[in-house]
Amino acid sequence: MSVTAAGAVDTARSADRRWLVLAAIWLVLIAAPLWMPLIGGYTSLGTRILVLGLAATALNFLIGFTGVVSFGHAAYFGLGVYGAGLVLRYLAPSTPLAIVAGILLGGVIGTIVGALIARQRGIYFAMVTIAFEQIFYYIGYKWDAVTGGFDGLRGFQRQPIHLGAFVLDIQKNDLAFYYFVLFIFALVVGLMGFLLRSPFGRTLLAIRENERRARFLGISVNRHIWLAFSISSFLIAAAGALYALLNDFADPSSLYFDLSGDLVIMAVLGGIRNFWGPLLGAAVFEVLQDYISSQTVNWLFFIGLVFVIVVMFFPRGLLGFFHRRRQT
Amino acid sequence: MVHGKPSGRLGRRRVLKLGAALGAAGTVQVTSPFIVKALGEQPIKFGFIDPLTGSLSLLAVSEVQGARYAIEEINSKGGILGRQAELLVEDSANDVGTGVEKIRKLIDKDQVNVTYGDVNSAIAYAVSQVATQKGILHIVPGGHTDPITGKDCAWNVFRVCNTTAMDANAISSLLMKKFGKRWYFLTPDYAYGHTLQAAFIKNLTAAGGTYEAELLPIAASDFSASLIKARAFKPDVLLNNMGGLAQIDCMKQYVQFGLDKEMALGGALYECEEVVAVPTAAQAGWWVMEWWWDQPGVPHVKAFADAIVAKYKKPCSARHWFGYVGIQSARLAMEQTKSLKAIDLAHALAGMELPPEVALQPGKVYYRAGDHELMPNVFTGEVHPPAASDPYNFFKVAELVPADRADPLASTGCHMTFPS
């Protein structure tokens, strides 16, 4: 067999493996409500993992695939939460409208903020993202009449989805809501995967690997970072809108930098260079929190310990580690 | 020519092998066998959510201890309806989203029969909303904000602790009479603080008083700027409405700034957990205790207080009593109705008078049917440094104000309706 033929075989094998892994991931997600109770889980925990996994994946569009670190992305997540909540509370009892409103509120404001900060780099970029996040946090906290202040926005409920003659009751049926969230999750990660495989996505990778070289090639780096920030904001706002539907509640903690930190931890835990890493990180983070916090009040210590261990011994995250083992 | 392993392409054989493996995995039992238990073997589950971490953790821990003590007492007397009682505790981490997730866990996964929570009024609000959606009995042991049993009252939600209006109405006239009508408020910026301050201001302005107020983050730790403003205002009384660790930090800084020589202290809640954690100079002022352990001559109180002190090595506080009463109330309703259905329990609790061994205070203590608020006595009095012989005796009761007098039903805004 010639070297070219061997290369073709390797490529085909790699493609097969990729499809196999993809099929396994979706099988696991689709079957989650069946197997989670066997290991002590429950459906709404699965839904929460999907939502926060989506948020971490959206953040990773910026961190892992563009090489720009934001510690303030909870702002656009939280705006997605409030966008959806405010529509359901004050405008119309429509779940699709609430999701669209959440995506638009977080995405559009993220786009505006991105335009203002895209020229910053490194620690300055990270600090400015936190500063903007604090602005939105305090708006949510202090604008009591509209947002409900620290107590949060109450008095709304996700509404059943009407599909002609068929009604998907996501309000009372947790299982139906899980699959609804999984459907939105699939749409969003599908869109993100499509973007990353496009020339635009390859350009982002080029910027991540060597910004100076990308600039020499004539790439408008600032504009691409702005676009990446904007897209990431729209995607994370979608997760935020789902979070509002999950809790039937919106409060300022969804805009707080603690949550941004948690999302970064989830991404790093799973592996920021891997598309599915943040979802795995979110699953590990949430399951650990759910389980350990039921056992001890010192659960934060153990979460921190796991994070330190991962950073020290699995610097590329859990999926990065497995990926490297397979390569060796 | 390259000799390698057989092609890794996904062939028919590999697909078949994979299918067989998955099928085998599906049929092999990997968990413990599912044994259906008879009802009598299954415990009755009480799900408790409280902020065991965060700035309100001091108070939350005491509530859970009181609940745990009640569960042990119930089980030592044979359980409820022949079944053991079990307490499941979850940490809301002083975060609304976490609290909501945890109550779903307790209801959906753990299948608890009654839920409880939370010290944090905002979380109490949110989790009681979830409990209402799920149609489960929910008791709020220690979240004070008024609308929970006021304008947002619900058929399945009951509350043990006082409303902010009860506490403010019980102490306001005493503060005005003793110190004057010029007040400065330090208030946490959330539901509890807003409603408490509004109740105080209503009483103060009705009596012709003046005030200044500052809303602070719930977990504030630096009060220097606020205390400087308070000093400039020269109030008769500083009303410290903060809670938990924030109130403790505020009291320490109040002493460090020397304000204890310039203005009196007072307000609604200054709880046992907080009084024991502040300097002697800050153990002062006129306050409300929602329950107090030193009630000479009142049956059962001493036994309860001594048992808590012996078990947990700390003063027996109102929070212990909240947790205890919450569990015992549900037990009484279950035994009265011989049912675990939320609707039956709610009907039984509405208007129920607590027996003396649960009420642990004089007079009639009952759940008011119109708003599902417990009607105990409000203990008003003076906080003072404890005597060396009894480190836990730092409060002198001046008056017991019946709660229904402090906050009449007509003023709550509750229109209670049960599902048909």
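I looked up the contact between the chains: 31 residues of chain A touch 30 residues of chain B, where contact means C-beta atoms, placed from the backbone, within 7 Å. This is a predicted model, in which local features need pLDDT of at least 70 and side-chain atom pairs pLDDT 80 or more, while totals for chains, interfaces and linings use all residues. Residues are numbered from 1 along each chain as its sequence is written, and chains are lettered from A and ligands numbered from 1 in the order written.

At least two residues each come from α1 (3-30), α3, α13 (277-295) and α14 (299-313) of chain A. α1(A) gives the most, with seven residues. I noted the classes on this side as 14 nonpolar (Ala, Val, Leu, Ile, Met, Phe, Trp, Tyr, Cys, Pro), eight charged (Asp, Glu, Lys, Arg) and nine polar (the others, Gly among them).

Next I looked at α3 (residues 43-66) and α12 (residues 257-270) of chain A, which pack at about 80° with axes 9 Å apart. Axes are lines fitted to C-alpha atoms over the stretch in contact, and angles run from 0 to 180 degrees between N-to-C directions. The pair is therefore roughly perpendicular (65 to 115 degrees). The contact residues include A:L59 of α3(A) and A:M266 of α12(A). None is charged; nine are nonpolar and two polar.

Last, I read the chain B sheet as open, five parallel-paired strands in the order β2-β1-β3-β4-β5, pairing needing at least two DSSP bridges. β2 (85-91) and β5 (157-159) of chain B are the edges.

Terms used
Helices (H or I, at least four residues) and strands (E, at least two) are DSSP runs, numbered from the N terminus. Angles under 35 degrees count as roughly parallel, over 145 as roughly antiparallel, 65 to 115 as roughly perpendicular and the rest as oblique. Two residues are in contact if their C-beta atoms, placed from the backbone, lie within 7 Å.
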